[in-house]
Amino acid sequence: MNDALDDQWNPTDQDGSPHEGGFRARFDVTTERGGPRYGEFNEQVRLLMDRVRYACPTGELTDELIADLKSINGKLADVQIDEWHTPAGTRIDLPARGNITVPPYDVTDAGPDGVTAQITFRPYHLGGNDAAHGGQVAVAFDDLGGMASALKIQGVSRTAYLTVNYRSITPLRTPLTIRTWVENLDGRKVYVKGTLHEGDRLCADLDALFIRLKPGQP
Ligand SMILES: CCCCCCCCCCCCCC(=O)SCCNC(=O)CCNC(=O)[C@H](O)C(C)(C)COP(=O)(O)OP(=O)(O)OC[C@H]1O[C@@H](n2cnc3c(N)ncnc32)[C@H](O)[C@@H]1OP(=O)(O)O
């Protein structure tokens, strides 16, 4: 990534909060940033990606879409902020905390014993033949495995390995149940398991290791 882009994506944090591990000690979750319609905005972005994934525009329409998207990107360029204050990732009232890069999930139960969520892979998560991309399943497991780890250790950890076994097809556009929990703790090592089901059918399972970060560790 070039320096200009790096500045754009990772501006200096706003209030100089100390860091715990590579993360800020104060992580301000919110239900307000981005305004009351931020969830609707997220949904429109997801719908855009769905539509783009399956679109075959004419050359003329592509020209028109580029102009429209340049206009939208111009508006968003004026409101860039550091990662700790974006609604994307901190809006705990929205699917996947408002993070549009993560397949949208709604947490139904979360605590030290694990996390349960309903997740729906969108059309833009297509891998092939109407099934979810394996990497997108791994993204979901990483995020919710990280959440199970955080809730268990009440601290910050990073993924050391993440093994996904794809047991059967993961459908798109279908509410699925995803569960993650800490199976074992060994010092800084947090062993996490997970499952992804459509009804009773196991789509995938997870075997992961998260490592608790030391103070100041990047
Ligand atoms: C609403 C708000 C809720 C908030 C929820 C937030 C959820 C957000 C969720 C987002 C989630 C997103 C999450 C993400 O996406 S995190 C992003 C993806 N992960 C990374 O980028 C991590 C990159 N790697 C590292 O930084 C380091 O390697 C780490 C930190 C992992 C360990 O380096 P460190 O120098 O610190 O530790 P160590 O090397 O002394 O090792 C320590 C121990 O671990 C054992 N070991 C290490 N690696 C492996 C391995 N591969 N297999 C087996 N064992 C391994 C090692 O043998 C040793 O064991 P022992 O000798 O002690 O027995």
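Predicted model: local features only at pLDDT ≥ 70, side-chain atom pairs only at ≥ 80, totals over all residues.
Start by selecting the six strands that form an open sheet, in the order 3-4-8-9-10-7. The pairing is antiparallel. Now pick out strand 3 (105-111) and strand 7 (157-166), which stand at the edges. Each has a single partner strand, so one side of each lacks a neighbour in the sheet. From one strand to the next, the twist averages 20°.

Select residues 176-186 and 189-198, which are strand 8 and strand 9. How many bridges join strand 8 to strand 9? Nine bridges do, and the two strands run antiparallel. Look for Arg179 here: Thr195 in strand 9 stands opposite.

**The helix.** Next, select residues 134-153, helix 4. Helix 4 lies across strands 3, 4, 7, 8, 9 and 10, and runs at about 135° to strand 7. Check its length in the viewer. At 1.5 Å a residue, its 20 residues should span 28 Å, and the end C-alpha atoms are 28 Å apart, so the two agree. Just after helix 4, stop at Gln154, which takes a positive phi of about 50°.

**The core.** Finish with the largest nonpolar core, which has 24 residues. Which residues have the most contacts inside it? They are Tyr105, Ala140, Leu144 and Ile178. Strand 4, helix 4, strand 8, strand 9 and strand 10 each give two or more residues to this core. Zoom in on Ala140: leaving aside residues up to four places away in sequence, Ala140 touches Val102, Pro103, Tyr105, Ile119 and Ile178.

Conventions: Residues numbered from 1 in each chain as written. Pairing = 2+ DSSP bridges. Helix = DSSP H or I, 4+ residues; strand = E, 2+ residues; numbered from the N terminus. Axes fitted to C-alpha atoms, helices over the stretch in contact; angles between N-to-C directions. Contact = placed C-beta atoms within 7 Å. Core = buried A, V, L, I, M, F, W, Y, C linked by C-beta atoms within 7 Å. Buried ≥ 20, exposed ≤ 12 C-beta atoms within 10 Å, placed from the backbone. Expected span 1.5 Å × (residues − 1).
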